[in-house]
Protein chains: 2
Amino acid sequence: MLTPADADFLNRLPQAVLRAVRPADVEEPRGRWTGQGAAVACPRNAAEVAEVIRACAAARVGVVPLGGGTGLVGGQVMTEGPMPLLLSLERMRAIRAVYPEENVLVAEAGCTLAEVQAAAAQAGRLFPLHIASQGTARIGGVLSTNAGGVNVLRYGNARDLCLGVEAVLADGSVLQGLKRLRKDNTGYDLRNLLIGAEGSLGILTAASLKLFPQPGAEGAAFLVVPGPDAALHLLALTQSLFPGMVSAFELIHRQGLDFLSETMPEVRQPFAPAPGWMVLVELGLPAGMDPAAALADLAVAAGDLVTDGVIAQSDSQRAGFWALREAIPAANRRIGAVSSHDISLPLSEIPGFLSEAGPALAQIDRFRINCFGHLGDGNLHYNVFPCPGHSRQDHEHQREAVKRCIHDLVHARGGSVSAEHGVGRLKVGDLERYGDPAKLAAMRAIKTALDPQGILNPGAVLRA
Amino acid sequence: MLTPADADFLNRLPQAVLRAVRPADVEEPRGRWTGQGAAVACPRNAAEVAEVIRACAAARVGVVPLGGGTGLVGGQVMTEGPMPLLLSLERMRAIRAVYPEENVLVAEAGCTLAEVQAAAAQAGRLFPLHIASQGTARIGGVLSTNAGGVNVLRYGNARDLCLGVEAVLADGSVLQGLKRLRKDNTGYDLRNLLIGAEGSLGILTAASLKLFPQPGAEGAAFLVVPGPDAALHLLALTQSLFPGMVSAFELIHRQGLDFLSETMPEVRQPFAPAPGWMVLVELGLPAGMDPAAALADLAVAAGDLVTDGVIAQSDSQRAGFWALREAIPAANRRIGAVSSHDISLPLSEIPGFLSEAGPALAQIDRFRINCFGHLGDGNLHYNVFPCPGHSRQDHEHQREAVKRCIHDLVHARGGSVSAEHGVGRLKVGDLERYGDPAKLAAMRAIKTALDPQGILNPGAVLRA
């Protein structure tokens, strides 16, 4: 059993690292709930993190790690249980080293993703992870949640971009794993165990990250497709024609464009009337190749798979395409979803899922569905909205049924109910419902082995 | 404490899955030592594997998993301790499914790597892992040892090529993790924990694997470089000019070419006299690009970094280049190494390591050194040979000192003493010596949590 972080406990911590809790430390980013914390420890290095953790272990006090606070599943917000200590990585913000010729960068956990991208760019390199919250999200949280985003298709998710980690374990020991090696087969893969564990197995304090050469020439196009099935064929064709050079392949449904028209009319749209389905394709090509010509070749080779298209003729036009794509989540928020789903499916199951999900939801009530996302990764944001004249509050009582309906269909087709956002506290029940029993049992055994008192992010990923 | 697999125990196993032990089951592939085993269980599916494991758990009998038996660190050969049962995946050889449009293939653990490559090719796809032993090595072992090879630079190692695994855990439960998803953040990363665990945490029975489009056009060149430092600059230049398209970048030292002349004069060599250092570069380009022209452009752009070169003008010439590269290990075996080292280093540490390793070894005795390998991954095979007129037996008493000398230098520079071969039983002491104490403690805690009786591959990776 954990004990609350009381005044006595706080007095035993090094006072120089403590600060008071601010509202932003305990608020879910969409304002849906509020957590608790006795104080915020802000250590400056791994040794100080270890000191804090040892104090928590000695007193059996739970500790909730804080990054940028942008997580969407409540991994950073503990609403119940004995009062925890919050541990923010905000003062561990150094880019420790950049090795351009190795394509490696070593960053502390408190660096924002945007800071890491900037440090890479300054060295003439690319750190390719891109998510909407990159200006706020910190590398420790990005890795702890194995963040995804739009470039996973080409470069992989956060896990794939990490060569090594420094981390503090539940006993206060420091895992010195900041290797800069592409190959290292010395023992179990603790790096990947800590990545995606959402702070429940250890506190990431720094990471060595993979960089890439910047593409010589980049281009983007909106291509209108007859439907999701055609979009998948177009994806395969694009990858065959440009192997290893497809940086993004995003699916956009007409509903998202209509929401944009409704809530953000200032965003310029490429087609009128808005098409039923379109994709945003981005290519990163070697210097000397002409991306606009390559995309035009693709549209021709696609035949019936593409019925209309616009190819960016400049970098600023390309930026405009992405601004439209990235405005869709903002428009969604203005409409207010009944329920949002971060799902992934085997690619070939996507058309079948889409054709059955709409009718299944219609059994519950009338909704508007905005399905968009990273088709290249099989990762869809399948979001359910009220019809005009109704609000999300009107459907409050149906939210669980909507979620269950979608998640059941996804699970039946071998998909995941958390593709890139993680489990946090919001999806602990989903993990228990849909997770493989052998996997869950092994996860619990590992949690108990590495954190026997359960002090690390209590209740995240696994029930406390 | 484990108990030996005696006649009573064997009688309790399903007799249909048992066969007698053959010499190849217990021999180290270089013939250096011989292991033990009471019998070989050859289950036909995961349920039968689970039945065998449950019997072993009930009787506390150790079980050594067998793939193709090509591992070079003794992970498949148990020479001491209570007599184990051997468990071969040889009858689990089905390609369960191929999904060309998803770029996914599901293979059972007993498939050889070559069979997986062939199934991918038949579907018009590429499974890009290439190692010398691919005709014999089985997918279960390839994943359990996280095998590497020549294409890691572009496509990653075995870990990076696996989307999901089916595995039997120490309690006989079956982990149903054959997902075909590119993104799945539902819980701890057990897949990567099992991959590279060398059968000590679970028995892999099947895997879903990533496929890739076949490159449209491939080309290769031998380029002579002034030294390793120039080779590293050339690597960075090549990756900048052809981002994501450099399939291999192999370093070759003159000593390897001299060994070829000495032991395999039939292998045609590109330069006479043999250069001090050269690299074998392979590009995989989109259809329509001319690989020979691209390589010629590279040689021009390289300036002083390249002093001579030969570009393959046909696929058969390219195959000849690779035949030379792949003959080097065979030539090495004919000479007979005093000690071989599968090391990796941060790229920028390689020139410094090479300039100090030779003089350090010369303090022990006079040797010939053949350093070659996957420069793009920082992975070198740094092999030490007797001088003419001497044999490896003459240096028997120095082997430990040679190994220690190299491994100490590698460790001091942040490198790995097992880049792609694993720990097995041969390098358990190295892992204890060079491994991070926090990592080792966590590994032992995980081993105890998942295999409390220690029945899975006893003595591999961690001391029994």
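Student: What makes H15(A) oblique to H15(B)?

Tutor: In this predicted model, helix H15 (residues 437-450) of chain A and helix H15 (residues 437-450) of chain B pack at an angle of about 135°, and their axes are 9 Å apart. Angles under 35 degrees count as roughly parallel, over 145 as roughly antiparallel, 65 to 115 as roughly perpendicular, and the rest as oblique. The value of about 135° therefore makes H15(A) oblique to H15(B). The axes are lines fitted to C-alpha atoms over the stretch in contact, with angles from 0 to 180 degrees between N-to-C directions.

Student: Which residues make the contact of H15(A) and H15(B)?

Tutor: Contact means heavy atoms within 4.5 Å. On H15(A) the residues are A:Ala442, A:Ala445, A:Ile446, A:Ala449 and A:Leu450, and on H15(B) they are B:Ala442, B:Ala445, B:Ile446, B:Ala449 and B:Leu450. By class, this contact has ten nonpolar, no polar and no charged residues; Ala, Leu and Ile are among those that count as nonpolar.

Student: How do you know that the two copies are related as by a two-fold rotation axis?

Tutor: Two copies of a chain are related by a rotation about an axis and a shift along it. Here a rotation of 180° with 0.0 Å of shift along its axis superposes chain A on chain B, with RMSD 0.0 Å. The two copies are thus related as by a two-fold rotation axis. The superposition is by least squares on the C-alpha atoms of residues with pLDDT of at least 70 in both.

Student: Why do the copies meet through the same surface?

Tutor: Because 100% of the interface residues of chain A are also interface residues in chain B.

Student: And within chain A, what makes H8(A) and H10(A) oblique to each other?

Tutor: Helix H8 (residues 228-241) and helix H10 (residues 291-302) of chain A pack at an angle of about 130°, with axes 11 Å apart. They are therefore oblique to each other. Their contact is made by A:Leu234, A:Leu237, A:Thr238 and A:Leu241 of H8(A) and by A:Leu298, A:Ala301 and A:Ala302 of H10(A). It has six nonpolar, one polar and no charged residues.

Student: Where is A:Pro273?

Tutor: A:Pro273 is in the loop between helix H9 (254-263) and strand S14 (277-285) of chain A. The peptide bond from A:Ala272 to A:Pro273 is cis, with omega near -5°.

Tutor: A note on reading the names and values: residues are numbered from 1 along each chain as its sequence is written, and chains are lettered from A in the order in which they are written. Local features need pLDDT of at least 70 and side-chain atom pairs 80 or more, while totals for chains, interfaces and linings use all residues, and side-chain values use heavy atoms, leaving out hydrogens and water.

Technical notes:
Helix = DSSP H or I, 4+ residues; strand = E, 2+ residues; numbered from the N terminus.
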